[in-house]
Amino acid sequence: MKRIFLVEDDKMIAKNLTLLLRSEGFIVIHASTREDALAAIEENKFDLSLVDISLPDGNGFTVCTEIKQKQEVPVIFLTASGDESSVVTGLNIGADDYITKPFRPRELIARIRTALRKRGNSSATFEICGLHVDITSGIVKKNGIEVFLSALEYRLLLLFINNPKTIITRGRLLDELWDASGEFVNDNTLTVYIKRLREKIEKEPASPEIILTVRGTGYRLGDGYVSE
């Protein structure tokens with residue numbers, strides 16, 4: 001079972017998150033202050049950390065730095081809505097992702113599982129039909145030329161890369177993408193994003209080889225992918 005380190009000072013949020021994570025099969029270790037968190041890092045091993053940026057005796061940045069120095073695990077920041085400067089600071093010091101409060105439970109679980117899959121994969125690069133994705137740097141290239149994707153387009157691409165043998169339903173895509181980049185994604189806009197992504201990464205967008213449509217169900221990644 002995966003061990004999640006939760007650093008959150010709000011008792012109600014911490015209680016609800018603990019119940020949610022345990023219901024998903026995770027072991028949860030909780031700390032409510034920066035001081036308690038630093039002590040817990042010395043005494044425990046984790047698979048992933050959820051760290052609130054705002055703590056009563058400091059901030060989560062020092063906790064993130066300490067975690068990264070002691071243990072090679074993903075860190076996801078929990079941040080207040082609209083606090084863009086804190087998000088940038090967190091990512092610059094090594095955080096792997098962030099999620100804005102209030103968040104949907106399924107979105108948080110999706111982010112956690114994605115981060116754990118990335119850590120569990122020895123592969124840092126991925127290739128399919130002339131498309132090269134460096135997951136570590138976030139750089140995407142098509143036939144050697146860099147392709148610039150929006151945050152939501154890149155997250156959409158990663159969903160397929162992280163589930164190469166799975167048919168991903170439209171419902172699941174909506175659940176995992178909704179509000180991921182501050183935008184509301186409904187069924188119509190999902191179709192638009194799939195179309196835009198195909199236009200950027202496919203050789204022939206009208207006859208896709210990378211993101212294939214499974215009629216009546218959803219989409220799947222095409223064959224011929226290689227991870228390294």
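1. Start with the two helices α2 (residues 34–43) and α3 (residues 60–70): their axes come within 10 Å and cross at roughly 5°. Axes here are lines fitted to C-alpha atoms, for helices over the stretch in contact, and angles run from 0 to 180 degrees between N-to-C directions. Helices (H or I, at least four residues) and strands (E, at least two) are DSSP runs, numbered from the N terminus. α2 and α3 are therefore roughly parallel to each other (angles under 35 degrees count as such).

2. Please keep in mind that this is a predicted model, where local features need pLDDT of at least 70, side-chain atom pairs count only at pLDDT 80 or more, and totals for chains, interfaces and linings use all residues. Residues are numbered from 1 along each chain as its sequence is written, and side-chain values use heavy atoms, with hydrogens and water left out.

3. Which residues of α2 meet α3? They are R34, A37, L38, I41 and E42, and their partners in α3 are T62, V63, E66, I67 and K70 (contact means heavy atoms within 4.5 Å).

4. Now look at the sheet. Five strands form an open sheet with parallel pairing, in the order β2-β1-β3-β6-β7; two strands pair if DSSP finds at least two bridges between them. β2 (27–31) and β7 (97–100) stand at the edges with a single partner strand each, so one side of each has no neighbour in the sheet.

5. Strand β1 (residues 3–7) pairs with β2 over five bridges in the parallel sense, and F5 stands opposite I29 in β2.

6. Finally, helix and sheet come together: α3 lies across β1, β3 (48–52) and β6 (75–79), running at about 175° to β6.

Technical notes
Angles under 35 degrees count as roughly parallel, over 145 as roughly antiparallel, 65 to 115 as roughly perpendicular and the rest as oblique.
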